[in-house]
Number of protein chains: 2
Amino acid sequence: MSTAKATTSLNDSGLKPSTILASQSPDKTGPLDPEQLRKIHAYWRAANYLSVGQIYLCENPLLREPLKLEHVKQLLLGHWGTTPGQNFIYAHLNRVIKEHDLNMIYISGPGHGAPAVVGNVYLEGTYSEVYPNISEDEAGLKKLFKQFSFPGGISSHVSPQTPGSIHEGGELGYSISHAFGAAFDNPDLVVACVVGDGEAETGPLATAWHSNKFLDPITDGVVLPILNLNGFKISNPTVLARITHEELEHLFLGYGWTPYFVEGEDPETMHQIMAATLDKVVEQIQKIQHDARIQGNATRPRWPMIVLRSLKGWTGPKVIDGLPVEGTFRAHQVPLSVSSSTPPDHLEQLESWMRSYKPEELFDERGRLLPELAALAPEGDRRMGANPHANGGKLLRRLHMPDFRDYAVNVPAPTAVEAGNVHVLGPFLRDVIKLNENPRNFRIFGPDETISNRLEAVFEVTNRQWDAATVANDEFLAPCGDVIEMLSEHQCEGWLEGYLLTGRHGLFNSYEAFIRIVDSMFTQHAKWLKMSLELPWRRKIASLNYLLTSHVWRQDHNGFTHQDPGFIDHVINKKSEMVRVYLPPDANCLLSTMDHCLRSLNYINLVVCGKHDAPQWLTMDAAVEHCTEGIGIWQWASNDQDGEPDVVMACAGDVPTLETLAAVSILREHLPELKIRVVNVVDLMRLEPDTEGPHGMSDVEYDSLFTKDKHIIFAFHGYPWLVHRLTYRRANRNLHVRGYKEEGTITTAFDMTVMNDMDRFHLVIDTVDRLPQTGSKGAYLKQQLADKLVEHRRYIKEHGVDMPEIREWKWGDSK
Amino acid sequence: MSTAKATTSLNDSGLKPSTILASQSPDKTGPLDPEQLRKIHAYWRAANYLSVGQIYLCENPLLREPLKLEHVKQLLLGHWGTTPGQNFIYAHLNRVIKEHDLNMIYISGPGHGAPAVVGNVYLEGTYSEVYPNISEDEAGLKKLFKQFSFPGGISSHVSPQTPGSIHEGGELGYSISHAFGAAFDNPDLVVACVVGDGEAETGPLATAWHSNKFLDPITDGVVLPILNLNGFKISNPTVLARITHEELEHLFLGYGWTPYFVEGEDPETMHQIMAATLDKVVEQIQKIQHDARIQGNATRPRWPMIVLRSLKGWTGPKVIDGLPVEGTFRAHQVPLSVSSSTPPDHLEQLESWMRSYKPEELFDERGRLLPELAALAPEGDRRMGANPHANGGKLLRRLHMPDFRDYAVNVPAPTAVEAGNVHVLGPFLRDVIKLNENPRNFRIFGPDETISNRLEAVFEVTNRQWDAATVANDEFLAPCGDVIEMLSEHQCEGWLEGYLLTGRHGLFNSYEAFIRIVDSMFTQHAKWLKMSLELPWRRKIASLNYLLTSHVWRQDHNGFTHQDPGFIDHVINKKSEMVRVYLPPDANCLLSTMDHCLRSLNYINLVVCGKHDAPQWLTMDAAVEHCTEGIGIWQWASNDQDGEPDVVMACAGDVPTLETLAAVSILREHLPELKIRVVNVVDLMRLEPDTEGPHGMSDVEYDSLFTKDKHIIFAFHGYPWLVHRLTYRRANRNLHVRGYKEEGTITTAFDMTVMNDMDRFHLVIDTVDRLPQTGSKGAYLKQQLADKLVEHRRYIKEHGVDMPEIREWKWGDSK
């Protein structure tokens, strides 16, 4: 490809764009007059210069003296390849922002674009406002350069430290999802989203193009994807750069976009084509929005997107040591090694590369960008680095909350009523939606489980947002709605993150086993929050709330693959300043917990609770008290009131609580002299020492609940060793945890606990085993229960449901 | 869409198929004569009947008596929606297998297709061969029905229990990746892969369509995707069913396929169109293979695929309780509830639904499929349920292995030489490739990191397999090669799993932080292995081997987001029968470890080791001995030879080993009277009790290494609490673990350990703190080291590299 060109797709059909670019010929005419062209090219050179400077220099930032080895960092780290393309895009977006007074933010999808984004945010003045130490002069430039990929400085990928960013350039694949999350309910916002062709190979990015079926042109803003095909990853070519132009065009038409192609090498021609394309694209966007908002056109629009095919490491060294570099994979990281052990001409080559941008024509004597160039950037909050949407806490409005107590289940006595815990939550969430509709400030995301998880009450007041076709018999679909569902946990997580990072609130509701699909996305978000807390200028955002149902203990037709409670383990490996795990034992506790989570800021809250009908334990007052403490003795179930217990029966999770209480009732019937204390845990982080995390308990508190030496029989929702990991520093080592041990297949609810030795009978047997004082009575009880287990196995194999005495057990029956 | 039709894409262009179907008109003519049509329709009815029977019945399987409530299971669980479509496909695939003598396996991508797959494997006779108890008669049918979605029975999704399956229908999204993994290096194989339109929304599936750029038409087999658009997920429509036909066509042309559309409702018409389409598609495949293999046509082919648009719950109840069901989301699971509490006409409706398939015309008196229908299925290993590729262990050939000792680093003394551990592995892997080339039996998969991870030696003998375009300056790309790289961890994992499950060997090489992208895929594979071990007819397959470099302790230009050692935690939560975690401290240990992993079967081996140049500790002989034990005292570094030590300095991982040894040398210099024992751990599972897993140590062994009560200062590669979790049952509670604590940004290698208190200075300070006997000498040393830490921070902030005394430290220097 040697000539620049700009083409669009086939014309004059419903599927294809209705207009084409004026400048399709490979000449240099276009919308920019010579002066504009000169200036935008100079701005790009300035950004490129800053990018190279960041990668290489620690001294002599303006090359005011001949470059010497001691001006070059000892360890050269960073990524040049993606940089010039992003600098090119940023300069041109600045132009259209000014031209059309756009409210735009910038998402940098390619992996390591920090030299570009940081450089541009510096050029527009935002960087020095946020970090006054990095001033707009030679001294500031020197610090800007040195801090890059340097201990105590900044990474080669965009991070929370970068003003204007809501997207960590760490793990690849989520730029488009984040962009759409930002665009939802921000009708004036344009989210420019640069996608790398490496990133485009990831699964999450490949499905994220379909986000356009979930965007409402009336109430939402717009995402402008710019796919930068520079052709290479680390050392491989990229797939999308190596299919035919026709295939690429088909692909994006198939995804429902109108692709505009900007392709070439010659900078002047490319400036003209890019400017013309952006003008066209902005016009298209405004036309679509006008048609939908003013004309009421309700058909799903084909939004425009740009494919920018440019050279990897564009304007960088063409050949190094005899090997081609510009436009090849060799431009990916630091293309030119410069140190005392490299050939001396490398230093010269670096100098002439940097001087090719003519810094003396770009920066004034103090080292500040020339005013005529600085004038090219937008001003104030219109600067992409300063746009408040990219520091969402600035725009955060707290939720209007209904009183969760109004949704309580009436619990006259423990187990007197049954309810589906999550089912009870439905009306509460419905009213959260209703109270935060105008303007919308809260959304629920999930793969397709709002109804399956029994939250159908929300559809009394809202719909699923869906902009693709509908047919008779569809339910709860509308172009605008507060629930968004697509069968991609990646998309749901990415959309929600983008929504939160731009200052709104939300909830991810899903299955426990499959939330692990987003393990690594969770990690990236947790790290984002942790770093943001260290940056005073980043305002707090709403918490990321997970509601996981269809959990490990109740699988019905699902088998072994649907069982994995390990997301809890994953979550608590992150900084305890920002993660919380809640295991409400019943519906009233769930209401209290969810109210707390939705009000909180800067946490990641994980709530695990079942949806099936199950016994209810606590009145709302008791639930509020219990959840406020996060852990507590259930006095009504205990009989150790006059002293230390003989045994502590602890539980965390709805099914473990049921089995524990049933075990306690068996023990109290058959061994009434045994003093039993029941401890229930809602807030898992309470178990860790207060020296380890803010919710942790002191040893005194812990011992007052669990005793210093009595046996603790602990039934736990997750993997049993997690409780050991949280409590390994405690004095009481007589801790016996039952939990999920990777045993299960198709089972009944109770049978699932049997397979993992966490059922009531095993818990009783465990207790008796630990307490020699139960003597022959204990031994007899064990034998009875062993027989029960045989009977149980025979019964479920015959009937496929739990034995009646299990299904119908009530607290107090046998005590 | 009320009339059936079959269309193909636009003709007569490079991008489009070169032929179209004969039968494009919506009539009922086609390749099947009336008798064939009658039979294939009867076969489909039989499969549908078995599917409904599995979901509903526990008695009266052939409806020989009027249906009563007691014939119906008490708890109705299962998924009807996807079933008739898959039954339709399976019957038609059987036809072309017989017609063309195809070697074909079947992958069931939609979530819950077990009623279809199990039913078909039963009809073809395989099921009864594998499970003689489920015989081909009325008694067998009754058991077949009852076991489905029943405790102790089988799940509603396909699982290892299903003969002919290599793909768990648990988590969605990996069918196409698995299919390609199976097709690699199996030139005669056709992998029919049914993709659900729900599954198609997942990220991994959305990028997996690009797998066609990595398939060699000469040396690999072929994947035939059949996208079954039945239009709905649980309660939402699907995206791909609700875009225009034109968009869908564009999408698959863009992905590089030739889509053939089979659309309609009328069974007879659909049979004809499906048969004609499959004939055409098989012809296309054979032509492409002929062109490539015989004619030597090297251009990337456009393989055919099928889009089957059929009704969800096709042939099931049209209306239930006044609501439409067939062709709506309501057909997803159990469409018709039947119990004592449902309207009585539901039982009647179920009976008439089942009788609509006319079982009396399908099964003989004994309850066996009529011979004229049974004859429609292929025979022997050609049956998709019996094809040995789907029980890969049957075809497993052990690897030819070079002697890993030949690749040893010569280590005259500890730290006398430096080497990149993974770099040393390169030549060994190169020769594994060379020895297993013909026929190819080993492959390396990774996102784009073979060179970045310094395994470039493999490219001396092979290439990256790449069938998209190439240009000048590309390196190591060829249509056929042993390395496959795409920037999607999902694809790499899925391809490798498919490759292993069909009886071959392989390695996934990647970055530590981003392997978490496939956390949930790992879980699904681990569960597959665990269940397979319980099925004697499933033969053992080669282990899934992960090599993770670019680990948490050495990040260079990458920042905080690139740091997560938690994959280890994730792995060891699975059954210890099948997971292994290795942390080789140096290159010779890595060689020994990798040799072991590549020879092993049915494990998942996780190997974490750095790529940067680092000190080498052990000779090859010592390394072999050490790795064989998995854990051991490094006598040469210890000075407790004449009794119990004062302190145990333990380490696991290459960087922790370096810091520990450096700390030991400081301690031995400054506090020579201190008796120090150095314990190094290669095989992490050695730490757990022998009662918990096969590699676990007894308490006696453990205490003999770690003592019963001496302080253990343990430097660990991962999160520190993991070591506590593995050792919480041990007597010695004086365990102090240092590891990654979620602290880091851009740092030097040493600085990264400083930030997490795992550097040599902190380890020394820890030790002194625990040992009051070190007295004032210890206190003085602490002060010195605290000063060093200040100096270090100043130095790296200035120079960006570690202090010379850190970089240049050698064992023995200061002792």
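**Figure 1. Domains of chain A.** The C-alpha centres of domain 1 and domain 3 of chain A lie 56 Å apart. This is a predicted model. The domain assignment places domain 1 of chain A at 38-393, domain 2 at 404-614 and domain 3 at 632-807. The C-alpha trace of chain A spans about 95 × 65 × 45 Å along its principal axes. Chain A has a radius of gyration of 31 Å; a compact globule with 815 residues would have one near 28 Å, which agrees. The secondary structure of chain A comprises 24 helices and 23 strands. Of its 815 residues, 66% count as buried. Among contacts in chain A between residues at least 6 apart in sequence, 77% join residues at least 24 apart.

**Figure 2. The two-fold relation of chains A and B.** Chain A superposes on chain B by a rotation of 180°, with 0.0 Å of shift along the axis and an RMSD of 0.0 Å. The two copies are thus related as by a two-fold rotation axis. Which residue of chain A comes closest to the rotation axis? A:Gly203 does, with its C-alpha at 1.9 Å.

**Figure 3. The interface seen from chain A.** Contacts link 102 residues of chain A with 102 residues of chain B. Six helices of chain A are the elements that give two or more residues to this side: H7 (203-208), H8 (245-254), H14 (519-533), H15 (567-572), H20 (721-727) and H23 (775-799). The residues of the side of chain A that touches chain B divide into 32 nonpolar, 42 polar and 28 charged. Of the interface residues of chain A, 100% are also interface residues in chain B, so the copies meet through the same surface.

**Figure 4. The nonpolar core around A:Cys193.** The largest nonpolar core holds 514 residues. Four of its members touch the most other members: A:Val191, A:Cys193, B:Val191 and B:Cys193. What does A:Cys193 touch, not counting residues up to four places away in sequence? Its contacts beyond that range are A:Ile107, A:Gly109, A:Ser175, A:Ile176, A:Ala179, A:Val223, A:Leu224, A:Pro225 and A:Ile226.

Figure 5. Among the buried residues of H3(B) are B:Ala114, B:Pro115, B:Val117, B:Asn120, B:Tyr122 and B:Leu123. Just after H3(B), B:Gly125 takes a positive phi of about 95°.

**Figure 6. Helix H5 of chain A.** Helix H5 of chain A (residues 138-147) is mostly covered, with 7 of its 10 residues buried. The buried residues of H5(A) are A:Gly140, A:Leu141, A:Lys142, A:Leu144, A:Phe145, A:Lys146 and A:Gln147. Their cover includes helix H1 (34-56), helix H3 (114-123) and helix H4 (126-130) of chain A. A:Ser149 follows H5(A), and its phi is positive, near 50°.

Figure 7. Most residues other than glycine have a negative phi, and most peptide bonds are trans. In chain A, the peptide bond from A:Asn438 to A:Pro439 is cis, with omega near -5°. A:Pro439 sits in the loop between helix H12 (421-435) and strand E10 (442-446) of chain A. In chain B, the peptide bond from B:Asn438 to B:Pro439 is cis, with omega near 0°. B:Pro439 is in the loop between helix H12 (421-435) and strand E10 (442-446) of chain B.

Figure 8. A:Asn473 is not a glycine, yet its phi is positive, about 80°. A:Asn473 lies in the loop between strand E11 (464-465) and strand E12 (477-478) of chain A. Buried or partly exposed, what is A:Asn473? A:Asn473 is partly exposed, with 14 other C-beta atoms within 10 Å. A:Asp757, also a residue other than glycine, has a positive phi near 60°. The loop that holds A:Asp757 runs between helix H21 (749-755) and helix H22 (760-770) of chain A. A:Asp757 has 17 other C-beta atoms within 10 Å and is partly exposed.

Technical notes
Residues numbered from 1 in each chain as written. Chains lettered and ligands numbered in written order. Predicted model: local features only at pLDDT ≥ 70, side-chain atom pairs only at ≥ 80, totals over all residues. Core = buried A, V, L, I, M, F, W, Y, C linked by C-beta atoms within 7 Å. Buried ≥ 20, exposed ≤ 12 C-beta atoms within 10 Å, placed from the backbone. Contact = placed C-beta atoms within 7 Å. Domains from an automatic or database assignment. Least-squares fit on C-alpha atoms with pLDDT ≥ 70 in both. Helix = DSSP H or I, 4+ residues; strand = E, 2+ residues; numbered from the N terminus. Rg over C-alpha atoms; globule rule 2.2 N^0.38 Å. Nonpolar A, V, L, I, M, F, W, Y, C, P; charged D, E, K, R; others polar.
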